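Here is a friendly briefing to read alongside your viewer. Keep the model open as you go through the topics below.

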Amino acid sequence: MSSKVLLYLEHDGRKLQGEMTRLVSKGNEVAEALGGFTIGALVGDIGEELLAEARRLKCKEIAIVSDPSLREYQPELFRPALESILDEASPHLVLFRHSYVSAELAPALAYRCKAPIVSNCLEVEVKDSRIEVIRPYLRELCWGRVSLQGEPPYFITLQRFAAHKDAAANDEPPRVKEFRFRPPSKVRIRSEGITRRAESEDISKAEKIVAVGRGIGERTNLKIVEEFAEALGATVACSRPIADLGWLPVERQVGISGKTVCPKVYIACGISGESQHVAGMKDSSLIIAINSDPRARIFRVAHYGVVADLVSFLPVLTAAARRAPQPGKGTESKKG
Amino acid sequence: MHLAVCCKGIPEEAGNFSFSTDGNHLSFDTASVILNESDEYALDEAIRWKKRIGAKVTALTLGGLESQEILYLALAKGADEALRIDSSAGSPWEVATLLGKAVERKEADLVLVGVQSADHMASLVGGLVAESLRRPFIFAVTSIEIIADRGTVIVQRELGEGRLQRLEVQLPSVLAVQTGICPLTYAPPARRLRARQKALEVLDPEQLGFPAEILGRYRKERIEEIMAPMVPQSAAMLQGSPQEVAAFIVERIREAS
Ligand SMILES: Cc1cc2nc3c(=O)[nH]c(=O)nc-3n(C[C@H](O)[C@H](O)[C@H](O)COP(=O)(O)OP(=O)(O)OC[C@H]3O[C@@H](n4cnc5c(N)ncnc54)[C@H](O)[C@@H]3O)c2cc1C
């Protein structure tokens, strides 16, 4: 039985995604338990820089499919490219980071291999050569330990900030194997280009952020959040539902589909703390969370927590902020 | 143009909530089932296309009798037809296999699913449905333009960190719709009541060609255990009068900034 672990090395065309060293570290741990080794799969129009970065990873092999037609990500081209690596490597396990890209590639490949797939995992373990994962359920209120049934390969996507260590530096550079790209006979998806969302303001520059979530209840209640932010000299940001509802512009959104911020102070008001939001703010120096639910997941990342109703508590906080001398006040944008 | 929307009923998170598992599903002791958020956006987007180009909209769900509520809501919002697959299948592989068959039977040109269900949190069903039908699939779609005479859709989709991609995708295809794609509509109680008069189609897995022993082969995972998250609460919880707590917080903010 093969015991290789294939790692999909996700990149943006120029650089590997940040968490790839952690994915490699996890991959090596699992490969060791299986008595195998890791192969990094690199698909795209791979330039020198990207290849050099991949060669610094602690993988035994790097398998590359490089072609000018793969310059831009497009699932219908990337999927067969990765499939050709998969066919040759016949791994026991294929690991992806849980991402927009793996949400397309992983199920497509798993289906074609008639293979088990579990996504959004926090942990992968080998138990008597069986694979088990830990993953969240029900808005992350509970976790499940899930075993994969049936024949390998097993497909697993790992949540981005799952608690893995960064891989150590490698002592022996990986072997590089190149594969020829065979485009599919019929292409039904055409990319018209990747752009960045235009924005008039960059909340990632703010030193203090007051972030509002669905717990604010009504649009008219936003006023009390803005007043609090103004009293602190802080910038107003939000979770996704607030931007989805059109209550604040999308450029104020914090999280994987919005902005990653790292202010000195982040005050989360009525935000449940799901991973997609937390990924965008967890490195803030001081995190204070206000939530009416004592079980809210945000209390797992916050430094201080208050169980309170926003509508009654925020005005008290605003009054206290107005009384206190604020050195930073007035230096930042004040309103949403 | 025929649009099928996969609508999942999820347990409403209310009161003291407990969960258990029999290996195949999660059970929640909850009274009511609500429509999963991103599926609701997918449904409303489909109904917008019904209004714009006269597309037909079929709402699909998979679950027990309680999930029929979701279909009544879909009909009240404007769906033309509704189909429930009467099954307790829980894993994405099984669910997608059955939904794929239903889509095939309905001959839908465009299938919309939500990006993620709040209970299973896997974001897998759309991709598996698409592959089971060998159709193109795009995840996290934030806008849809159906070009009926060209037989394509032009979509914008998220790639994360503020990156957006525009793609032209041939029909038939499957799209996973991101929240916020359109304004949500509200179905008033009177319309919801009227929707209950409409007929729903119900099919069991066997009628879709998957008797239990065959469907069982599509189950590729087992939930061994359900547990509380093993993350310690990091926050020091502040107690005291609101004024005391507020003064404490303001002081910490001042120190930190
Ligand atoms: C692909 C993908 C990308 C995503 N990207 C992002 C992203 O970039 N950013 C993001 O934020 N989300 C993102 N999400 C959504 C994410 O999964 C959550 O749904 C979202 O973060 C929840 O927002 P919320 O905390 O405001 O709302 P909810 O989860 O509804 O939480 C509301 C909170 O408010 C509390 N509350 C209610 N009433 C009160 C009150 N009166 N006083 C105080 N507290 C109260 C509740 O206890 C609850 O904890 C993404 C999801 C997917 C699938």
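Two strands count as paired if DSSP finds at least two bridges between them. Helices (H or I, at least four residues) and strands (E, at least two) are themselves DSSP runs, numbered from the N terminus. This is a predicted model, in which local features need pLDDT of at least 70 and side-chain atom pairs count only at pLDDT 80 or more, while totals for chains, interfaces and linings use all residues. Residues are numbered from 1 along each chain as its sequence is written, chains are lettered from A and ligands numbered from 1 in the order in which they are written, and side-chain values use heavy atoms, with hydrogens and water left out.

**Chain A as a whole**

- Chain A holds eight helices and 16 strands, and its C-alpha trace spans about 70 × 45 × 40 Å along the principal axes.
- Of the 336 residues in chain A, 61% are buried, where buried means under 20% relative accessible area, exposed over 50%, and partly exposed in between (1.4 Å probe, protein chains only).
- Contact means heavy atoms within 4.5 Å; among contacts in chain A between residues at least 6 apart in sequence, 66% join residues at least 24 apart.

**Strand pairing**

- Strand β6 (residues 123–127) of chain A runs antiparallel to strand β7 (residues 130–137) of chain A, and five bridges join the two.
- Within that pairing, Lys127(A) stands opposite Arg130(A) in β7(A).
- β6(A) and β7(A) form a hairpin with two residues between them, and Asp128(A) in the turn has a positive phi of about 45°.
- Pairing also crosses between the chains: strand β16 (residues 304–307) of chain A and strand β15 (residues 236–237) of chain B run parallel, joined by two bridges.
- There, Tyr304(A) has Ala236(B) in β15(B) as its bridge partner.

**The interface of chains A and B**

- On chain A, 89 residues are in contact with 81 residues of chain B.
- The two chains bury about 7700 Å² between them, 58% of it on carbon and sulfur atoms; buried area is the accessible area (1.4 Å probe) that two parts lose on being put together, summed over both.
- Between chain A and chain B, 42 residue pairs are in polar contact, both residues being at pLDDT 80 or more. A polar contact is a pair of N or O atoms within 3.5 Å; within protein, one must be able to donate a hydrogen and the other to accept it, and residues adjacent in sequence count only if both atoms are side-chain atoms.
- Strand β11 (residues 189–196) of chain A gives the largest share of the side of chain A that touches chain B, namely eight residues.
- That side of chain A divides into 47 nonpolar, 16 polar and 26 charged residues. Here Ala, Val, Leu, Ile, Met, Phe, Trp, Tyr, Cys and Pro count as nonpolar, Asp, Glu, Lys and Arg as charged, and the others, Gly among them, as polar.

**Salt bridges between the chains**

- A salt bridge is a side-chain nitrogen of Lys or Arg within 4 Å of a carboxyl oxygen of Asp or Glu, and the rule finds seven across the interface of chain A and chain B.
- One of them joins Glu131(B) to Arg112(A), with the closest N and O atoms 2.7 Å apart.
- Another joins Arg214(A) to Glu37(B), with the closest N and O atoms 2.9 Å apart.
- Arg214(A) is partly exposed at 46% relative accessibility, and Glu37(B) is partly exposed at 28%.
- Salt bridges that share partners join Arg79(A), Glu83(A), Arg112(A), Glu131(B) and Arg134(B) into one network.

**Salt bridges within chain A**

- Over all chains the count comes to 47 salt bridges.
- Glu201(A) and Arg252(A) form one, the closest N and O atoms being 2.7 Å apart.
- Glu201(A) lies in the loop between β11 and β12 (208–212) of chain A and Arg252(A) in the loop between α6 (240–244) and β14 (265–269) of chain A, so the pair ties together parts that are 51 residues apart in sequence.
- Glu201(A) is partly exposed at 23% relative accessibility, whereas Arg252(A) is buried at 5%.
- Asp202(A) and Lys259(A) also meet in a salt bridge (3.0 Å, N to O).

**Ala89(A)**

- Ala89(A) sits in helix α3 (residues 75–89) of chain A, and with 6% relative accessibility Ala89(A) counts as buried.
- Not counting residues up to four places away in sequence, Ala89(A) touches Ser2(A), Lys4(A) and Ile39(A).
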